[in-house]
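Colleague: Could you open the model and go through the charged pairs and the sheet with me?

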Amino acid sequence: MSRIVHVDRADAMGAVLRGVRADLLTSARQPLPPMAGPRPLKWLPHVLIVLAAVLLAATAEGTEAAPFAIAHAVILVSALRWPVPAWWLSMAFLAGTAATPYSPTFIGQPWPWFVHAGVLFLVALRNRPRVAVETLLLSGLLAGGMQWPGGDLLWEDPLTPAVIFAVAVFLGTSARSLRETRQRLQEQQAATIAERGRRALLEERARIARELHDVVAHHMSVISIQADAAPYRVEDPPEELVTAFAVIRQNALEALTELRHVLGVLRAESADDSLPPGGPQPTLHQLGNVVDNVRSAGLRVELDVSGTARPLPPGVELSGFRIVQEALSNALRHAPGSTVRVEIVYALSTLRLRVLNGPSRDKTKPSPGAGHGIMGMRERAAMLGGELAAGPTPGGGYEVSVLLPVPVDTATTAKEGHT
């Protein structure tokens, strides 16, 4: 039984020694960070440490002790960046100089103890309390060992240096605890503010989704139903009229489908949930359907695609599709019956879009819009780091030009996969 207890104690002692070795045998840099608060006070702790080192070095009496005091003060300054290695150097300095004729333990030269206390303060400030306690105990043992033989000591009571060291460690540990508490409080406040912002955003998106559902979806549903029933209100309606109402109904149904996608995005709880539940987002390859729709509405549309058409990142595909769709809608709204040219240029690192429409050639009265189309297109381009230019042309038309960046790696990979 006693052998088992002895083995357990040996294991425990070995674990303690391994822990101490892991804590203290390190050369890791632990620079003291700048102080939070006003910018002029950012480096105040560093300045105070350097100033304290200079003042302590100046307390050395005589030219013989001055070099030792200066060397020890340099160790204190180096503890601003390497606290644990500086503590080892300070320990070696105390043990070494105690055996010289200019021992730092002479009466009237308190700088060695206070310099070492400053190093202990920085160790406690930048390390866990366990490391601070370990350095404190070893420093106390060294101080006691240096004063044990007696002689020309600074203090008759050998516990005095240990008390100074303990106060330094207590102050360093307290400052570290205060800083960690303040940091946790700031993190909690930042998380609370972020959560409030996220909830406000979700509430606003939910409100917009309700408005879209109650107003826009309702009217689009009514348009679809009325367009479906209109041809049956007259006898033998012309085929052109039936076709026109069928197109109106089909467009209304497609608008409802798109609206459901938008509502899914608006009601998503997070960015990861923002993908529409109804299927994949439209891409530039689906612009043919949009072009056919506006052609059936009276526009003459020319679609020109140059470069190597290839799959682009989803954000570029979606934004490119929406921008061209919005530009065609604007042409249909403001220049009915006009000729529109749509150019899509695939380059290695960019996607160029250009929608140019001529003046209106139809007697149909232009339909006013909400005035947000250009702004929305510009926001989509800016979100991807692109550029958009829009304005009237000398011939009475309107032009929208967009340049969207495409990641080179993605483009190259897609191109290689395509070829």
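Colleague: Why are D292 and R295 separated by about one helical turn?

Modeller: Because D292 and R295 are three residues apart in helix 9 (residues 287-296). Helices (H or I, at least four residues) and strands (E, at least two) are DSSP runs, numbered from the N terminus. This is a predicted model, where local features need pLDDT of at least 70, side-chain atom pairs count only at pLDDT 80 or more, and totals for chains, interfaces and linings use all residues. Residues are numbered from 1 along each chain as its sequence is written, and side-chain values use heavy atoms, with hydrogens and water left out.

Colleague: What do D292 and R295 form?

Modeller: A salt bridge, with the closest N and O atoms 3.7 Å apart. The term means a side-chain nitrogen of Lys or Arg within 4 Å of a carboxyl oxygen of Asp or Glu. By that rule there are 12 salt bridges.

Colleague: And which residue does E180 bridge to?

Modeller: R176, with 3.2 Å between the closest N and O atoms. E180 and R176 sit four residues apart in helix 7 (residues 159-229), so about one helical turn separates them.

Colleague: Is R176 buried or exposed?

Modeller: R176 is buried, at 14% relative accessibility, while E180 is partly exposed at 29%. Buried is under 20% relative accessible area, exposed over 50%, partly exposed in between (1.4 Å probe, protein chains only).

Colleague: Switching to the strands. Which residue does D304 pair with in a salt bridge?

Modeller: R341, with the closest N and O atoms 3.0 Å apart. This pair links distant parts of the chain, since D304 is in strand 1 (residues 300-307) and R341 in strand 2 (residues 339-346), 37 residues apart. Salt bridges with shared partners join E302, D304, R341, E343, R354 and E399 into one network.

Colleague: What is the strand order in the sheet?

Modeller: The five strands run 1-2-3-5-4 in an open sheet with mixed pairing. Two strands pair if DSSP finds at least two bridges between them. Strand 1 and strand 4 (387-392) are at the edges with a single partner strand each, so one side of each has no neighbour in the sheet.

Colleague: How many bridges join strand 1 to strand 2?

Modeller: Eight, and the two strands run parallel. R341 in strand 2 is the bridge partner of E302.
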